[in-house]
Amino acid sequence: MFTLLSILIGLITLFLNNHLLGRFFMFFTFFTFSCVLDGNFIGLWDDMYVYSKAINTPEVYVFWFGSALGYLGFCLCNHRSITYSIQYIDYVPVQMLDVKRLAFFARLIAFISISAACINTLKAGNISLMFLSPREWELAFGSNVFLNYLYFSHLSALILLSVLIALKKAKFLDFSLLVLCLAISTLHGIKFTILHAFVFLSLALYTLNNNKIPKAVLLIGIIFTALIFSFFIFVRGGGAEGVLNYIISASVNSIYIINKSSFVDYGNMGAIFPIDANLIEKVASRFSGESHISRGVSADTGFLLNNKYNLQSALTIISITGPVGYVFISCVLGLLIRAIPRKMSLFQMAFLVHLLNTLLMLFTTWEFYKFKLLFNLFLMFVLSGFIHHKITFSLAKKNILKMKV
């Protein structure tokens, strides 16, 4: 029933002018939660219930209603016909780029990230641990916070390289670096690291192609799908069923969290307003050089129903006083995407990619404030100033000379 209702609501919103991909990602979260509710009613997820059981209760249905309101709120707040472009000196002079600087920084950041990946790999030891003991490999590979963040800069490199490709200024070296940046994402041993690399590149290429899916994105999607299925076949196990269970498990966990929480205990204010004592402590620990142990390999893994799935939908992560927080954040995300200008700077493009990635991952987590993504956003802010500055100054000087003549 809830699956059918979500499809009907999705069809209604087709009449609105939204960012098409953003609306699809938002709908995917809503649709997934709806399917999980119906599947739970007929007992499809019973194999996940090892330690306890998630039950459809009136409170869970309230959250479904909140999920529907969140989706509709996003669509209404995002209602606008949108076409994006990013241009440089040979095109119409709006948000111009210094192509030489763009190429230099794209190659520099890619080289730094690839070098950090090589150092981390050598430092971690026997690479066979990635398959024999993934948690141990992850811990060894990502233990140094400074090298880790240099490694994570491959996301910025991929965005910069995608701009070079879109402007038809990419050379063989740039394509080689792009392939290497995608390849090193597999070395961390974490699915999200691989996912971010392929998603950020695909979203950047999609945006640069005026919100159309280029052939390159289809190829990237095929490669990513092959990697994920290989992981679930040879490392984690489960094959296609494992992939499906991984997608729906977050919503199953959220139902269980709703069952066990009181009306005012869902989520936490830190998910919406993250600047607090805990944030300061985390930042201090990261930049002090302390070994970083990710949640996946720490003692506090967050497993609730079994030892395979420890994630939950953003529906419960960012819900304050029931699903109100989720509805509020959904509307904010819609307004933020609507606020992106049609002629973007590099930073604005990176922020749009960041927003779309956040929307994509709502079904399984809340990534808006993820440290490594914010680090790349800050890096793109700095680089954007350098890459745009020179060309703007040159144009101003050229216009002054014309006025004098």
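A contact means heavy atoms within 4.5 Å. This is a predicted model, in which local features need pLDDT of at least 70 and side-chain atom pairs count only at pLDDT 80 or more, while totals for chains, interfaces and linings use all residues. Residues are numbered from 1 along each chain as its sequence is written, and side-chain values use heavy atoms, with hydrogens and water left out.

**Exercise 1. The chain as a whole**

Determine how many helices and strands the protein chain has, and what percentage of its residues is buried.

*Step 1.* Helices (H or I, at least four residues) and strands (E, at least two) are taken as DSSP runs, numbered from the N terminus. The protein chain has 17 helices and zero strands.

*Step 2.* Relative accessible area is computed with a 1.4 Å probe on protein chains only: under 20% is buried, over 50% exposed, and in between partly exposed. Of the 405 residues in the protein chain, 52% are buried.

*Step 3.* Among contacts with a separation of 6 or more, 78% join residues 24 or more positions apart.

**Exercise 2. The second largest pocket**

Describe the volume and lining of the second largest pocket.

*Step 1.* The search uses a 1 Å grid over the protein atoms alone; a pocket is an open set of points with protein on both sides within 12 Å along at least five of seven lines, a cavity is a set where a 1.4 Å probe fits but cannot get out, and lining residues have an atom within 4 Å of a point. Grid points are joined across faces, edges and corners, and a volume is the space filled by probe spheres set on the points. For the second largest pocket the volume is about 970 Å³.

*Step 2.* Its lining holds 29 residues, and F25, L195, V199, F224 and L360 lie nearest the centre. At least two lining residues come from each of α2 (20–41), α10, α11 and α12 (239–260). α11 gives the largest share, nine residues.

*Step 3.* Ala, Val, Leu, Ile, Met, Phe, Trp, Tyr, Cys and Pro count as nonpolar, Asp, Glu, Lys and Arg as charged, and the others, Gly among them, as polar.

*Step 4.* F25 counts as buried because its relative accessibility is 9%.

**Exercise 3. The largest cavity**

Which residues line the largest cavity, and which element supplies the largest share?

*Step 1.* A search of the whole structure finds one cavity of 30 Å³ or more. The largest cavity contains about 60 Å³ of space.

*Step 2.* The lining consists of L155, S156, I159, F200, A350, H354, L373, N376, L377 and M380. Two or more of these residues are given by each of α8, α16 (346–360) and α17 (371–404). The largest share, four residues, belongs to α17.

*Step 3.* By class, seven lining residues are nonpolar, three are polar and none is charged.

**Exercise 4. Aromatic rings**

Count the aromatic pairs and classify the pair formed by F24 and F25.

*Step 1.* Rings of Phe, Tyr and Trp (its six-membered ring) pair if their centres lie within 6.5 Å; planes under 30 degrees apart count as stacked, over 60 as edge-to-face and the rest as tilted.

*Step 2.* The F24 and F25 pair is tilted, because the ring centres are 6.1 Å apart and the planes stand at 55 degrees.

*Step 3.* A cluster linked by ring pairs contains F2, F27, F30, F31, Y61, W64 and Y71.

**Exercise 5. Loop residues**

Are L305, N211 and K168 buried or exposed?

*Step 1.* L305 lies in the loop between α13 (277–287) and α14 (314–317). With 1% relative accessibility, L305 counts as buried. Not counting residues up to four places away in sequence, L305 touches several residues, including Y51, V252 and Y256. The C-alpha atoms of L305 and V252 are 8.9 Å apart, although 53 residues separate them along the chain.

*Step 2.* N211 is placed in the loop between α10 (191–208) and α11 (215–234). N211 is buried, since its relative accessibility is 17%. N211 and L21 are 190 residues apart in sequence, yet their C-alpha atoms are 7.9 Å apart.

*Step 3.* K168 belongs to the loop between α8 (154–166) and α9 (172–184). K168 counts as exposed because its relative accessibility is 73%. Although K168 is not a glycine, its phi is positive, at about 60 degrees.
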